[in-house]
Structure formats: structure tokens, C-alpha cells
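Morning, everyone. Please have a look at the structure on the screen before I start.

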Amino acid sequence: MSQSNMSKCFTATILALAGFACATFDGVTEPINQAKIGFTVPGKIDSIWVKEGAFVHKGDTLMNLVKTEEEIRVHMTKIIADDYSGLASSKAKMDTYMKDYYAIKKLFETSNSVSQEEVWEKQMNFDISRADWNAAKITKAKDSLEYQMARAQLSKQYLIAPFDGEIVSISKNNSESVEALEPILEIADVRTCRMTAYIIANKAHALKVGQKVKLSLDGASKNRSRNGTVEFVSPVVDKSSLLRTIKVIFDNSDRFVEPGVTGRLLLK
């Protein structure tokens with residue numbers, strides 16, 4: 001906790017212990033959803049599909065890297081995965097050898113017109129063709145996996161919105177190179193916000209998750225009030241300050257509160 005917050009919480013503690021009807025505890029607000037995101041692979045930016053300040057929805061494409069090689073790989077593996085001619089050929093061959101084997105086996109069992117060696121030869125051909133068909137099925141399964149892997153690699157060339165929100169900042173331009181996991185875009189959903197405050201132990205003890213509380217938020221020309229819901233009550237008390245961390249969520253669908261401003265949690 002900063003020295004400033006410690007000082008303010010100390011003042012609130014004195015007021016509360018002195019028997020004042022309402023104690024206030026300083027806190028800081030933030031969007032409940034906020035993230036700095038980037039690509040999971042290195043590359044060069046090909047297109048940026050959004051501008052700073054734009055509202056986007058979860059799943060929207062924000063930008064993409066140059067992806068020519070990945071698209072070729074997807075196209076190539078799809079052609080191979082969709083080609084079932086080898087599998088059909090090996091199945092037809094196996095069916096033919098199977099019919100020959102069972103026919104000559106029945107003939108051997110009912111007459112003396114064929115020899116045991118001929119039966120063995122037909123059985124060997126059938127066993128080999130069946131093994132070839134099983135191998136063809138495995139190859140086809142691998143072809144399908146190669147296609148899925150190529151598609152997964154192509155999807156990594158796109159930066160997708162992880163949740164609904166507004167674009168806060170974009171730190172790269174078209175044609176610039178990026179590193180894997182380099183944060184290049186920030187997104188935040190300010191419609192629901194959170195205030196984090198530090199409260200003296202004897203006041204925080206009565207707070208429960210889901211409880212309704214009052215907030216007074218700074219900014220603009222005067223304080224702004226909000227009704228909030230307790231989201232988190234720390235199970236421990238800080239040893240040095242005897243304060244507990246409290247997190248309160250509040251509705252900001254009107255976007256009247258700018259996340260990042262300070263405020264106060266009001267407790268009776």
C-alpha cells in the first residue's frame with residue numbers, strides 16, 4: 001500500500017474508533033476486465049482492423065500478421081486430408097482378397113479340388129491387404145491432424161478480442177515486426193468496474209461477499225455516488241497496518257466514472 005493510502009486509512013481508523021456514524025476508506029477504481037494482449041508467435045503486422053477508442057466484441061479480429069505461408073499450408077493439408085482415394089483403394093483390395101480367401105477356404109473344406117498351400121496363399125494376401133488398409137486409416141488420421149495443426153497455426157496469425165470492451169491503446173503500426181507475447185494492444189471493459197480499498201479490521205469484519213455498500217467517487221467537478229457489491233474480502237489482515245483488502249464491483253454502464261479515479265467506501 002502507498003504511504004498516501006496508509007495515511008488516509010489511518011485517518012479513517014481514527015474517525016471510526018472515535019465513534020463517528022460513518023467511516024470512509026479510500027480506494028482506487030479499475031475496469032473489471034482489462035488486458036494488454038499480443039500475438040503468441042512472432043511476425044510482421046499485415047492489417048490493423050480497429051482504432052483506439054473503438055468498442056469491440058469478444059471474438060472480433062483486432063489485427064493480423066502476414067500469413068501467406070500459413071494459408072498455403074492450410075490449403076495443401078486440406079487437399080491431402082480430403083483425398084480418400086488411397087483409403088478407398090486399400091479397402092477395395094482388402095475386400096477382394098477377403099472374398100477370395102473365404103471362397104477357397106470353403107472349397108477346401110468341402111472338396112479336395114484345392115490344396116492347403118493355396119488356402120494359405122489366399123489367407124496371406126488377405127492378411128497383407130488388411131494390414132495395408134489399417135495403415136491407410138492411420139495415414140488418413142495423420143493427414144486430418146496435419147490439417148487441424150495447420151489451421152491452428154494460421155489462427156495464431158490473428159489477434160482476437162478476449163472480451164467485450166474498448167480499445168485503450170495500440171502500440172504498433174502496419175508492417176512493424178512483433179515478438180511472441182509482446183503486449184501491443186490494450187483493451188478494457190469499463191461498463192463494470194471494481195474499487196479496491198483497505199479497511200480497518202474491526203470494520204471489515206462485518207462485510208460479506210455479496211453485501212451492498214455505498215461508494216463516493218472522485219473526478220469531474222464533484223463527487224459521484226455509486227451502489228456497489230462486495231466481491232472479495234481478504235481472509236487475512238495485514239500485520240503492519242491491521243487493514244484488510246476489500247474489493248467492490250459497481251455498475252458503470254453509463255460510463256460516467258473513469259476507471260483509475262480514486263474514491264471512498266462508506267461504512268456505517
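I will take a pair of helices, then a residue in a strand. Keep in mind that this is a predicted model.

Start with helix H3, residues 85–110. How far apart are its end C-alpha atoms? They are 38 Å apart. Now check that against expectation. At 1.5 Å a residue, the 26 residues of H3 should span 38 Å, so the two agree.

Next, which residues of H3 are buried? Leu87, Ser90, Met94, Tyr101 and Ile104 are. Here is a general point. An α-helix has 3.6 residues a turn, so residues three or four places apart point the same way.

What do the buried residues of H3 pack against? Helix H4, residues 116–155.

Now the geometry. Two packed helices are described by the angle between their axes and the distance between the axes. For H3 and H4, the angle is about 160°, and the axes are 8 Å apart. An angle over 145 degrees counts as roughly antiparallel, so H3 and H4 are roughly antiparallel to each other. Their crossing is left-handed. The residues of this contact divide into 11 nonpolar, 5 polar and 10 charged.

On to the strand. Phe232 sits in S10, residues 224–233.

What does Phe232 touch, leaving aside neighbours within four places in sequence? Val209, Thr245, Ile246 and Lys247. Ser253 is 21 residues from Phe232 in sequence, and their C-alpha atoms are 21 Å apart in space.

Note on methods:
Residues are numbered from 1 along each chain as its sequence is written. This is a predicted model: local features need pLDDT of at least 70, side-chain atom pairs count only at pLDDT 80 or more; totals for chains, interfaces and linings use all residues. Side-chain values use heavy atoms; hydrogens and water are left out. Helices (H or I, at least four residues) and strands (E, at least two) are DSSP runs, numbered from the N terminus. The expected span of a helix is 1.5 Å times one less than its number of residues. Buried means under 20% relative accessible area, exposed over 50%, partly exposed in between (1.4 Å probe, protein chains only). Contact means heavy atoms within 4.5 Å. Axes are lines fitted to C-alpha atoms, for helices over the stretch in contact, and angles run from 0 to 180 degrees between N-to-C directions. Angles under 35 degrees count as roughly parallel, over 145 as roughly antiparallel, 65 to 115 as roughly perpendicular and the rest as oblique. A crossing is left-handed if the near helix is turned anticlockwise from the far one by less than a right angle, and right-handed if clockwise. Ala, Val, Leu, Ile, Met, Phe, Trp, Tyr, Cys and Pro count as nonpolar, Asp, Glu, Lys and Arg as charged, and the others, Gly among them, as polar.
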